[in-house]
Amino acid sequence: GRQFFVGGNFKMNGSVKTIKDIVSHLNSAKLDESVEVVIAPPALYLLLTREHLRQGIEVAAQNVFDKPNGAFTGEISVEQLKDSNITWTLLGHSERRVILQEDDAFVANKTKVALDGGLGVILCCGESLEQREANKTIDVVTSQLKAVADKCKDWSKIVIAYEPIWAIGTGKVATTEQAQEVHAAIRDWLKKEVSGEAAEKTRILYGGSVSEKNCKELAKQPDIDGFLVGGASLKPAFVDIINANQ
Ligand code: 13P
């Protein structure tokens with residue numbers, strides 16, 4: 001089986017004090033030991049988080065740049081993350097695709113550079129409401145993933161996060177059927193376009209208004225291998241989401 005994976009994306013939230021509080025809550029919580037847990041605080045707090053967080057929980061950046069160093073004001077490199085014991089990065093989050101106008105090719109390039117540098121990548125994909133209503137969900141998601149498959153053959157350090165944009169921060173979670181349908185389609189696509197092994201082993205997370213209330217039903221779906229949690233990852237209830245299978 002695939003190891004259940006729960007990521008916490010803090011987005012642009014938190015302060016020294018609140019992030020220390022979240023970390024100490026996680027440090028003392030009883031977490032399902034079979035679950036891989038990774039939290040992604042804002043870049044400014046990566047080192048602080050790594051310093052205070054107990055071993056066994058990993059830290060992710062929310063983004064990384066695709067150049068090794070140099071005159072790239074405001075950016076952070078893969079080497080700098082590794083130097084700070086940050087082992088994962090999110091890439092292709094819809095907020096970066098939409099607000100910061102990152103395209104598929106840029107996301108794919110950054111994924112390649114991150115993987116080549118030894119980071120794990122939580123690769124986000126997902127459709128807008130308009131695209132869903134036009135029945136384009138599977139096309140949109142698979143073309144986002146295809147840009148990465150064109151550059152990266154080894155998917156062993158990629159975790160896919162399917163996050164329908166209309167479900168992010170809206171309280172409007174996808175139904176278990178809606179999520180399972182897309183996850184199964186992604187796995188099918190992996191089998192055809194990457195490899196049978198990638199289809200079998202790649203974790204596919206669901207993200208978008210995941211809460212302690214809806215996580216258990218979602219976790220029962222055969223192709224949902226965990227969650228990428230936004231708002232609820234800042235709250236004590238994040239622990240209940242990590243423990244969704246108990
Ligand atoms: P919410 O859980 O706040 O809907 O955010 C989901 C998300 O975008 C995680 O990356």
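**View 1. Strand β1 and its neighbours.** Strand β8 (residues 226–229) runs parallel to β1, and four bridges join the two; strands count as paired if DSSP finds at least two bridges between them. In this pairing, V6 stands opposite F227 of β8. With strand β2 (residues 36–40), β1 pairs in the parallel sense over five bridges, and the bridge partner of G8 there is I39. Strands (E, at least two residues) and helices (H or I, at least four) are DSSP runs, numbered from the N terminus. This is a predicted model, in which local features need pLDDT of at least 70 and side-chain atom pairs pLDDT 80 or more, while totals for chains, interfaces and linings use all residues. Residues are numbered from 1 along each chain as its sequence is written, and side-chain values use heavy atoms, without hydrogens and water.

**View 2. Burial of β1.** Five of the five residues of β1 (residues 5–9) are buried, so the strand is largely enclosed by the rest of the structure. Buried means under 20% relative accessible area (1.4 Å probe, protein chains only). F5, G7 and N9 point one way, V6 and G8 the other. In a regular strand the side chains alternate between the two faces of the sheet.

**View 3. Lining of the largest pocket.** A pocket is an open set of points on a 1 Å grid over the protein atoms alone, where a 1.4 Å probe fits, with protein on both sides within 12 Å along at least five of seven lines; lining residues have an atom within 4 Å of a point. The lining has 20 residues, with M12, A43, Q62, N63 and R96 nearest the centre.

Technical notes: Buried < 20%, exposed > 50% of the residue type's maximum accessible area, 1.4 Å probe, protein only.
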